[in-house]
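Here is a friendly walk through one model, from its overall layout down to a few single residues. Keep the structure open beside the text as you read.

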Amino acid sequence: MSERQGTAKILLVDDHAANLVALEAILGSLDQTLVRAGSGEDALRALLHDDFALILLDAQMPGMDGFETATRIKARERTKDVPIIFLTANDFDTHLAYRGYATGAADFLAKPFDPWLLRAKVQVFVDLWHASRKLSTQADLLRRSLDERAAQPGRVDVDVVTDLRSRLAGVEEAVADLDAVGDIGIGGDARRRLGNRLADLRQALDALG
């Protein structure tokens with residue numbers, strides 16, 4: 001699927017082309033950018049060049065399996081916070097789930113999975129990605145405002161502060177909506193990180209007066 005401005009990138013990793021086609025069919029209605037990888041090595045190469053909102057990773061692949069791939073992803077500073085949903089076979093040994101969570105997996109889904117459930121889980125991570133990007137934009141604006149204030153002690157641009165408060169309130173509302181409609185077990189760690197960043201930004205903004 002071709003890349004579109006402002007859409008989240010989702011990395012689909014599976015050694016079977018038919019499974020990748022099925023994932024694209026299920027997730028196509030989300031209107032995000034879907035990127036294929038046919039192996040763990042392909043996934044690592046893709047992650048060198050692009051930033052992804054989420055990785056759907058087949059746990060049982062020949063050669064570098066999903067667990068090793070996830071371990072390498074989490075070992076890289078650039079990709080350590082990218083959430084991973086493992087896709088597993090129905091006869092997947094539940095004891096291996098501990099290994100998956102140890103690598104930092106956000107969730108597991110057994111094949112064949114419910115299309116609605118998969119879309120719902122992916123949508124939560126996409127929404128978190130969009131909220132995080134919006135928050136980063138507000139944080140950059142706030143930092144510039146703080147720098148300007150430091151250069152001119154005693155001066156506070158009331159219009160800028162008011163605009164920042166409005167923008168931040170919009171992000172806080174979006175995150176509250178996610179918590180209200182989604183299971184906190186889906187993307188819980190990502191939501192907590194986003195909530196902490198929001199709290200820090202709110203504290204810095206309140207310091208402006």
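Contact here means that heavy atoms lie within 4.5 Å. With that cut-off, Thr 79 touches Leu 47 and Ile 73, leaving out residues up to four places away in sequence.

## The overall layout

Please bear in mind that this is a predicted model. The protein has seven helices and five strands.

Of the 209 residues, 43% count as buried. Turning to contacts between residues at least 6 apart in sequence, 68% of them join residues at least 24 apart.

## The sheet

In what order do the five strands of the open sheet lie? The order is S2-S1-S3-S4-S5, and the pairing is parallel. Strand S2 (33–37) and strand S5 (107–110) are the edge strands, each of which pairs on one side only. From one strand to the next, the twist averages 20 degrees.

For a closer look at one pairing, take S1 and S2: they run parallel and are joined by five bridges. Ile 10 has Leu 34 in S2 as its bridge partner. Helix H1 packs on the sheet, where it touches S1, S2, S3 and S4, and its direction makes about 170 degrees with that of S2. Helix H3 (residues 66–75) packs on the sheet as well, touching S3 and S4, with a direction at about 175 degrees to that of S4.

In soluble globular proteins, nonpolar side chains tend to be buried together. In this model, the largest nonpolar core holds 23 residues, and the members that touch the most others are Ile 10, Leu 12, Leu 27, Leu 56, Leu 118 and Val 122. Two or more residues each come from strand S1 (9–13), helix H1 (17–27), strand S3 (54–58), strand S4 (84–88) and helix H5 (115–151). H5 gives the largest share, seven residues.

Neighbours within four places in sequence aside, Val 122 is in contact with Ile 10, Leu 27, Leu 30, Leu 54 and Leu 56. There is also a second, separate core of 22 residues, including Leu 57, Phe 67, Val 82 and Ala 97.

Which residues of H1 are buried? They are Leu 20, Leu 23, Glu 24, Ile 26 and Leu 27. These residues lie on the same side of H1 because they cover an arc of only 165 degrees around the axis. An α-helix has 3.6 residues a turn, so residues three or four places apart point the same way.

On the other side of H1, you will find Ala 17, Ala 18 and Ala 25 exposed.

Ala 46 has its place in helix H2 (residues 40–49). With 15% relative accessibility, Ala 46 counts as buried, because the cut-off for buried is under 20%. Ala 46 touches Leu 11 and Phe 52, again not counting residues up to four places away in sequence. Ala 46 and Val 35 are eleven residues apart in sequence, and their C-alpha atoms are 8.5 Å apart in space.

## Two backbone details

In the loop between H1 and S2 sits Asp 31, which has a positive phi of about 60 degrees although it is not a glycine. Asp 31 is partly exposed, with a relative accessible area of 46%.

The other detail involves Pro 112, in the loop between S5 and H5. Lys 111 and Pro 112 are joined by a cis peptide bond, with omega about -10 degrees.

How values were computed. Residues are numbered from 1 along each chain as its sequence is written. This is a predicted model: local features need pLDDT of at least 70, side-chain atom pairs count only at pLDDT 80 or more; totals for chains, interfaces and linings use all residues. Side-chain values use heavy atoms; hydrogens and water are left out. A nonpolar core is a set of buried Ala, Val, Leu, Ile, Met, Phe, Trp, Tyr and Cys residues joined through side-chain atoms within 4.5 Å. Buried means under 20% relative accessible area, exposed over 50%, partly exposed in between (1.4 Å probe, protein chains only). Helices (H or I, at least four residues) and strands (E, at least two) are DSSP runs, numbered from the N terminus. The arc is that of the directions from the helix axis to the C-beta atoms. Two strands pair if DSSP finds at least two bridges between them. Axes are lines fitted to C-alpha atoms, for helices over the stretch in contact, and angles run from 0 to 180 degrees between N-to-C directions.
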